[in-house]
Amino acid sequence: MSRTPFFKSFSASFFLIRLFKATCNSCISRSLVYPYDFRLTEKEKTSICYLSFPDSYSGGLGDTQFSFRLRQSGGQRTTHYEDDGEYNREAPLTLQRESAHYFGYVYFRQVKDSSMKRGYFQKSLVLVSRLPYVNLFQSLLQLIAPEYFDKLEPCLEAVCNEIDQWPPPVPGQTLNLPVMGVVIQVRIPSRVDKPGSSPVKQFNQENLLPAPLVLPSIHELDLFRCFQPVLIHIQMLWELMLLGEPVVVMAPSPTVSSEMVLALTSCLAPLRYCCDYRPYFTIHDSEFKEYTTRTQAPPNIVVGVTNPFFIKTLQHWPHILRVGELRMSGDLPKQVKVKKLAKLKTLDTKPGIYTSYKTFLHKDKTLIKRLLKGIQRKRPSEVQSALLRRHLLELTQSFIIPLEHYIASLMPLQRAITPWKNPPQIRPFRQEDFMKTLEHAGPQLTCVLKGDWLGLYRRFFKSPNFDGWYRQRHKEMTQKLEALHLEAICEANIVAWMKDKSEVEIVDLVLKLREKLVRARCQHLPVKEETLQRVGLYIETIIGSLPEDLQAVLHHH
């Protein structure tokens, strides 16, 4: 069966914006570079402008990269996307295209300029997409932004022409993406990939000269580097993410802020983090009042900030992580301490985790020892990151597997699905019934960590992450039921069923089967194409048994 591309090309999945800033509060130039016909609201343009520059003074000159996430304003609109629903069905949940948010990837340059009032000139090239491909898009910007800043228009036009020829991002495929004399080679992850495993290498480098720039991942960060000042608190941070707690990351730069927020939200994989998150947030953001108000509880969000002003405006939040610059050294970096929120001072707040949160589970001292041994043996950072990612994956799986087993038990038995009745309902999720299963089939079977697992589950049930997980699983199970019902219909003897049925009942069956067929194709139910074709033939057979006037009506209908 031939496949239609999810996008017309890879280039349809992002656009570029150039921004220049010369004064304290204004972007004196902003223009859409590519594609030329993409539409943004004025509110979105203003937000992207502010989010593409540091929010607080930095005397450092040179180039930096960071990212942000922006809420779409102005409702749904037509886009360059073809069927992103098909892409989302085949992509891992954590890499799906977002419909309500944009991701922004920024390459920022600050250079001396005596003609400017502030003594320097700032400019950014921003790539905006609905896909969370942080490694791929930042690598692309590393190639094109320096060249663009030096040579401007002609360079970018040539780059855009090259990008126009890129194939669409299809989950499971390895792509070769030529740009500026370099071929970026990357594999798009698929939902069928085993979590934590290295993807099967499909790289064909024989005909590629020069050798390609191979990206090991389109999205995974160097977790060890990001978490280096908080390694001994990784258990607490994992729990805060699992429970969807409001967390502020206060960092010295947009780079540190965005990397820490993205690292935090990724540590639940393969479970999707269903709360809001802002890798980099400024005082100019349209949601500023919403997040800083004291008239209601802080929202379920992880927000990264750099402006010291936030120390005062967000000090009522329950969990604040203050970090310094990330520096890799030969020893275990100095670990921040857990401190009481009352010790959060407006000026000169020291690095630390300011919270009164008490963890449900005990620390994993074995992990810290393994990471420490790796530092002593000068183990590469990517190996340390893999070790850390594996630990977090196993922790998440130990927590989620009992939930998966329980929800699977709510599915009706296949023998209860009969062709001429609506499929039976999925039984409701009862929290207390689930808790009873933990004694014999709980996380203790796969995880050595001790602690109050039951208390952690009870808190999890109140979080947006549980709601998101349950909705997704219930949707998948409902679609599976629909698919099984269609298969049962195909295996039934329709001619025998029709013998003692009235015309009204037969017409009703035709309409219901047609509705099921349309739903199966629209929702891409897990049904074989031959099953759908057989249902179509059944419909034709049934219509053919009816009087000609009814046949004409049904064919017209």
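I took contact to mean heavy atoms within 4.5 Å. I also kept in mind that this is a predicted model.

**Entry 1: the core.** With that cut-off I looked up Leu 403. Leaving out residues up to four places away in sequence, I found that Leu 403 touches Phe 429, Phe 434, Tyr 457, Phe 460, Phe 461 and Trp 469. Leu 403 belongs to the largest nonpolar core, which has 108 residues. Phe 10, Leu 136, Phe 227, Trp 238, Phe 399 and Leu 403 are the members that touch the most others there. Apart from this core I noted another, of 24 residues, including Trp 497, Met 498, Ile 506 and Val 535.

**Entry 2: cysteines.** How many disulfides does the structure hold? I got zero. I then checked Cys 275, which is in no disulfide: its nearest cysteine sulfur belongs to Cys 274 and is 7.0 Å away. Is Cys 275 buried or exposed? Its relative accessible area is 6%, so Cys 275 is buried, the cut-off being under 20%. Cys 490 also counts as buried, because its relative accessibility is 3%.

**Entry 3: two helices.** I turned to α6 (residues 234-242) and α11 (residues 381-408), which pack at about 50° with axes 12 Å apart. That angle makes α6 oblique to α11. I logged the crossing of α6 past α11 as right-handed. On the α6 side, Ile 234, Gln 235, Trp 238 and Leu 242 make the contact. On the α11 side, I listed Leu 388, Leu 392, Leu 395, Thr 396 and Phe 399. Trp 238 and Phe 399 were already on my page, from the core list.

Conventions. Residues are numbered from 1 along each chain as its sequence is written. This is a predicted model: local features need pLDDT of at least 70, side-chain atom pairs count only at pLDDT 80 or more; totals for chains, interfaces and linings use all residues. Side-chain values use heavy atoms; hydrogens and water are left out. A nonpolar core is a set of buried Ala, Val, Leu, Ile, Met, Phe, Trp, Tyr and Cys residues joined through side-chain atoms within 4.5 Å. Buried means under 20% relative accessible area, exposed over 50%, partly exposed in between (1.4 Å probe, protein chains only). A disulfide is a pair of cysteine sulfur atoms within 2.5 Å. Axes are lines fitted to C-alpha atoms, for helices over the stretch in contact, and angles run from 0 to 180 degrees between N-to-C directions. Helices (H or I, at least four residues) and strands (E, at least two) are DSSP runs, numbered from the N terminus. Angles under 35 degrees count as roughly parallel, over 145 as roughly antiparallel, 65 to 115 as roughly perpendicular and the rest as oblique. A crossing is left-handed if the near helix is turned anticlockwise from the far one by less than a right angle, and right-handed if clockwise.
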